[in-house]
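I opened the model with the viewer on one side and the notebook on the other. These are my entries, in the order in which I looked things up.

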Amino acid sequence: MFLAGSVQALDVGFGEVDITPKLGGKEKVWLAGYGTGREAAGIHDPLMARCVVLQDGGTRIALVSVDLVGLQFPAVKKIRSQLPGFSYVLVSSTHNHEGPDVIGMWGRNQYSYGVNDAYVEEVTDRCVNLVKDTAVAMVEDVNVSYGTAEDASLLRDTRQPAALDAVLRVLVFSGKSGKKIGLLVQWNSHPEAMGSQNKLITADFPWATVGALKRKYQCPVAYFTGTVGGLMAPPAGPTTFAYTEKHGIQVAGLAARAVEAARPLKLTPMRAEARLLYLPVTNRLYRLGLSMGVLRRERFVSTGDPYRKGKLMSGKNSGEDMTIETEVACLQLGELSLAAIPGELYPELVYGKFQEPADPAADFPNAPLEPTIREILGERKWMLFGLSNDEVGYLIPKRQWDRRKPYAYGREKAQYGEANSCGPEAAMIVMKGFARCAVREGPIEKRRQGGKAPEGNPAE
Ligand SMILES: [Zn+2]
């Protein structure tokens with residue numbers, strides 16, 4: 001047991017590996033993120049998997065970022081199963097809209113599966129080897145600092161109500177001499193500066209952000225995507241590589257401000273608390289995709305309890321309420337909390353800047369407000385990795401849900417968002433699940449003492 005105030009030495013490793021799919025083979029590579037039938041025609045810059053391994057005594061945690069639209073939970077479980085020496089392995093996707101489909105819905109047409117399963121296997125193998133290789137080349141006893149910088153001009157909000165998370169967060173790892181060992185950057189924007197007409201594989205603007213920071217600081221850089229719902233994207237501009245590069249370099253400039261502002265922070269001791277969630281899927285398109293095999297993951301009959309797994313769904317019971325299995329987690333890294341959210345969180349759920357009152361034309365204007373990251377974590381320093389270990393789509397505040405006429409803001413047509421969400425309950429389930437993980441006294445300890453489900457979360 002740790003004595004209060006005792007802090008273990010922290011070791012850190014950085015690594016990266018190319019995960020660009022091969023072109024010109026028998027199977028076409030379908031680009032993900034917009035419409036269907038967008039076949040990759042070439043490669044502009046490589047897609048990468050980047051890894052940070054943190055070690056504190058016997059606790060080892062791997063944080064992996066992949067330049068993909070959203071690696072699914074089953075693939076992440078496969079990566080973890082081959083890394084038994086780790087206390088926790090997190091795999092977050094940047095949500096790249098200019099890379100291969102790894103979910104299924106962007107194939108030749110809306111009825112065909114867009115994933116090359118062999119490619120996903122290759123990605124999982126490379127991630128496993130990347131984490132192993134990173135863990136054997138660690139720098140011991142490092143210093144860490146944490147900084148933030150904010151710039152709303154680097155974001156565009158494509159959905160009402162206006163709400164942004166324009167805070168970029170960094171962790172700076174340095175050796176005893178002060179030399180930088182690596183940077184971990186979290187920024188909140190769709191990698192889609194190249195737009196829907198591009199046919200060249202690219203990591204989009206994070207390619208330029210990482211490149212510029214590597215040149216400036218002469219150290220490895222791992223880029224993670226935070227909250228991107230609601231919907232945060234780069235400012236409108238020409239969908240060219242010149243613009244994408246310019247924007248990526250601007251984001252690197254914001255990261256440099258955060259590095260300058262960074263102050264020392266302890267990342268030990270480390271502890272990860274994760275929960276499996278069974279999210280109801282009421283979105284008809286998702287249900288159809290799942291039953292037609294355009295989306296391929298296990299479905300479970302709802303038990304009515306998001307923490308309890310139901311029967312595996314098959315043809316026989318496919319009319320019942322459907323759920324999918326995902327995971328939410330909170331990593332307590334010394335003085336920093338890391339929120340691992342399995343989809344695209346709306347920024348209202350970070351800071352709680354909900355529109356008050358909700359638009360009366362929304363479907364549930366009086367729905368209870370979800371607990372927010374700020375409420376749950378209080379004054380603690382935090383980072384948030386969206387699309388962590390899964391991509392379950394948009395996590396929309398229920399008061400904003402708007403599928404039925406009349407539409408909010410006097411609109412003729414529904415806004416974009418709900419079409420790519422499991423349903424109106426998903427955000428509440430994920431945020432309550434996160435709140436349970438974030439209870440710092442530790443729900444595990446509480447359960448052991450009381451033999452009851454954890455309570456006492458002020459947010460519930
Ligand atoms: Zn998105």
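Helices (H or I, at least four residues) and strands (E, at least two) are DSSP runs, numbered from the N terminus. Residues are numbered from 1 along each chain as its sequence is written. I am working with a predicted model, where local features need pLDDT of at least 70, side-chain atom pairs count only at pLDDT 80 or more, and totals for chains, interfaces and linings use all residues.

I looked up L387 and placed it in the loop between β19 (381-385) and β20. L387 has a positive phi of about 45 degrees, although it is not a glycine. For burial I used C-beta atoms placed from the backbone: a residue is buried if 20 or more others lie within 10 Å of its own, exposed if 12 or fewer, and partly exposed in between. L387 counts as buried because 30 C-beta neighbours lie inside 10 Å.

I then turned to Q218, in the loop between α3 and β11. Q218 is not a glycine either, and has a positive phi of about 55 degrees. Q218 counts as exposed, because it has 9 C-beta neighbours inside 10 Å.

I also noted two cis peptide bonds. One runs from Q160 to P161, with omega near -5 degrees, and P161 lies in the loop between β7 (156-157) and β8. Another runs from E356 to P357, with omega near -10 degrees; I found P357 in the loop between α6 (348-351) and α7 (373-377).

**Entry: the sheet**

I traced an open sheet of 5 strands in the order β11-β9-β8-β6-β13, with mixed pairing. Two strands pair if DSSP finds at least two bridges between them.

I followed β6 (residues 143-150) to its partners. β6 pairs with β13 in the antiparallel sense over 2 bridges, and the bridge partner of S145 in β13 is P264. β6 and β8 are also antiparallel, over 8 bridges. I found T148 opposite R169 in β8. As a reminder to myself, in a regular strand the side chains alternate between the two faces of the sheet.

**Entry: helices on the sheet**

I took axes as lines fitted to C-alpha atoms, for helices over the stretch in contact, with angles from 0 to 180 degrees between N-to-C directions. Two residues are in contact if their C-beta atoms, placed from the backbone, lie within 7 Å.

Helix α3 (residues 205-217) lies across β9 (180-187) and β11, and runs at about 150 degrees to β11. Helix α4 (residues 241-261) packs on the sheet and touches β6, β8 (167-174) and β9. The direction of α4 makes about 130 degrees with that of β6.

**Entry: α3 against α4**

I checked how these helices meet. The axes of α3 and α4 are 7 Å apart, and the packing angle is about 50 degrees. That makes α3 oblique to α4, given that angles under 35 degrees count as roughly parallel, over 145 as roughly antiparallel, 65 to 115 as roughly perpendicular and the rest as oblique. The crossing is right-handed, meaning that the near helix is turned clockwise from the far one by less than a right angle.

The α3 residues in this contact include F205, W207 and L213, and those of α4 include H247, I249 and V251. I read the contact as 11 nonpolar, 4 polar and 2 charged residues. Here Ala, Val, Leu, Ile, Met, Phe, Trp, Tyr, Cys and Pro count as nonpolar, Asp, Glu, Lys and Arg as charged, and the others, Gly among them, as polar.

**Entry: α1 against α2**

Helix α1 (residues 73-81) and helix α2 (residues 117-135) have axes that come within 9 Å and cross at roughly 40 degrees. They are therefore oblique to each other, and their crossing is right-handed. A75, K78 and I79 in α1 meet V120, T124, C127 and V128 in α2. I read this contact as 5 nonpolar, 1 polar and 1 charged.

Are K405 and K179 buried or exposed? K405 is exposed, with 11 other C-beta atoms within 10 Å, and K179 is exposed, with 11 as well. I found K405 in the loop between β20 (394-395) and α8 (426-438), and K179 in the loop between β8 and β9. K405 and D363 are 42 residues apart in sequence and 8.4 Å apart in space, C-alpha to C-alpha. K179 and P269 are 90 residues apart along the chain, and their C-alpha atoms are separated by 23 Å.
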